[in-house]
Amino acid sequence: MKLTNTTLSDKDLYALCKEYGQKARLWKRRFAGLLPEVFARGLYKRRHFGSIHEFAAKLAGMGKESVDKVLRLSKKLQDKPRLLEQLETGSQAWTKLERVAFIATPETDGEWAERVETLASGPLSLLVQNSRLDLTASGNSQPEKVQQRFEVRPELAGKLNQLKKRA
């Protein structure tokens with residue numbers, strides 16, 4: 001499709017930019033989720049790439065640090081199947097999963113997976129930070145319950161209330 005100044009209004013052009021941007025982020029997450037398996041199989045070598053970093057850079061424009069973080073995160077989530085699935089399918093951003101990877105345990109895997117799904121990055125970071133503080137203060141390996149207060153959109157508030165009821 002060829003775009004010219006007269007074919008799209010500013011509103012339509014902006015809507016198209018938003019749509020393409022959202023799709024680009026989704027596909028980049030899905031690509032990142034494939035990297036641990038590509039690395040484990042050595043597929044990048046068989047396809048004549050010098051390294052997993054070159055593979056990711058040429059195919060998806062991913063930087064070395066991002067690739068390394070995704071591979072480390074995958075190892076950290078091996079005993080946490082729900083969080084690992086979110087990484088591998090690209091259903092959640094690996095940066096959100098990275099926040100919870102060091103606080104989640106195999107026993108709390110499901111709880112943290114739900115929190116990653118329902119919370120935005122900011123509130124999720126606060127929850128992780130408070131959980132770490134609680135663990136440090138109590139010397140406990142399991143996070144204690146923490147009461148949080150923050151403003152969210154009405155549809156997110158409904159999801160959080162459902163999560164609260166289940167807990």
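Because the model is predicted, local features need pLDDT of at least 70 and side-chain atom pairs count only at pLDDT 80 or more, whereas totals for chains, interfaces and linings use all residues. Residues are numbered from 1 along each chain as its sequence is written, and side-chain values use heavy atoms, with hydrogens and water left out.

The secondary structure of the chain consists of 9 helices and 0 strands, where helices (H or I, at least four residues) and strands (E, at least two) are DSSP runs numbered from the N terminus. Read along the sequence, this gives the pattern α-α-α-α-α-α-α-α-α. Of the 167 residues in the chain, 31% are buried; buried here means under 20% relative accessible area, exposed means over 50%, and partly exposed lies in between, with a 1.4 Å probe and protein chains only. The chain exposes about 11,300 Å², of which carbon and sulfur atoms supply 52%, the areas coming from the Shrake-Rupley method with a 1.4 Å probe, and for residues only the protein chains shown count as cover. Among the contacts (heavy atoms within 4.5 Å) in the chain with a separation of 6 or more, 54% come from residues 24 or more positions apart.

An α-helix has 3.6 residues a turn, so residues three or four places apart point the same way. After H5 comes Gly90, whose phi is positive, near 75°.

The charged side chains come next. Side chains of opposite charge can pair when their charged atoms come close. A salt bridge is counted when a side-chain nitrogen of Lys or Arg lies within 4 Å of a carboxyl oxygen of Asp or Glu, and by this rule the count comes to 6 salt bridges. One of them joins the side chains of Arg41 and Glu37, at 2.7 Å from N to O; both residues lie in helix H1, 4 residues apart, about one turn of the helix. Arg41 is exposed, with a relative accessible area of 55%, and Glu37 is partly exposed at 42%. In helix H4, Lys64 and Asp68 are likewise 4 residues apart, about one turn of the helix, and they form a salt bridge whose closest N and O atoms are 3.2 Å apart; Lys64 is exposed, with a relative accessible area of 52%. Asp79 and Lys80 form another salt bridge, with the closest N and O atoms 2.8 Å apart, and here Asp79 is partly exposed at 41% while Lys80 is buried at 3% relative accessibility.

Leaving aside residues up to four places away in sequence, Glu114 touches Arg82, Leu163 and Arg166.

A pair of aromatic rings is described by the distance of the centres and the angle of the planes. Rings of Phe, Tyr and Trp (its six-membered ring) pair if their centres lie within 6.5 Å, and planes under 30 degrees apart count as stacked, over 60 as edge-to-face and the rest as tilted. A search of the whole structure finds 3 such pairs. Phe31 and Phe55 form a stacked pair, 6.1 Å centre to centre with 20° between the planes, and this pair links distant parts of the chain, with Phe31 in helix H1 and Phe55 in helix H3 (residues 52-60), 24 residues apart. Phe31 is buried at 15% relative accessible area, as is Phe55 at 7%. Phe39 and Tyr44 also form a stacked pair, 6.0 Å centre to centre with 5° between the planes; Phe39 is partly exposed at 39%, whereas Tyr44 is buried at 8%. Phe31, Phe49 and Phe55 form one aromatic cluster.

Charges also sit over rings, a case counted when NZ of Lys or CZ of Arg is within 6 Å of the ring centre and within 35 degrees of the ring normal. Arg30 lies over the face of Trp27, at 4.6 Å from the ring centre, and Arg115 lies over the face of Trp112, at 4.8 Å from the ring centre.
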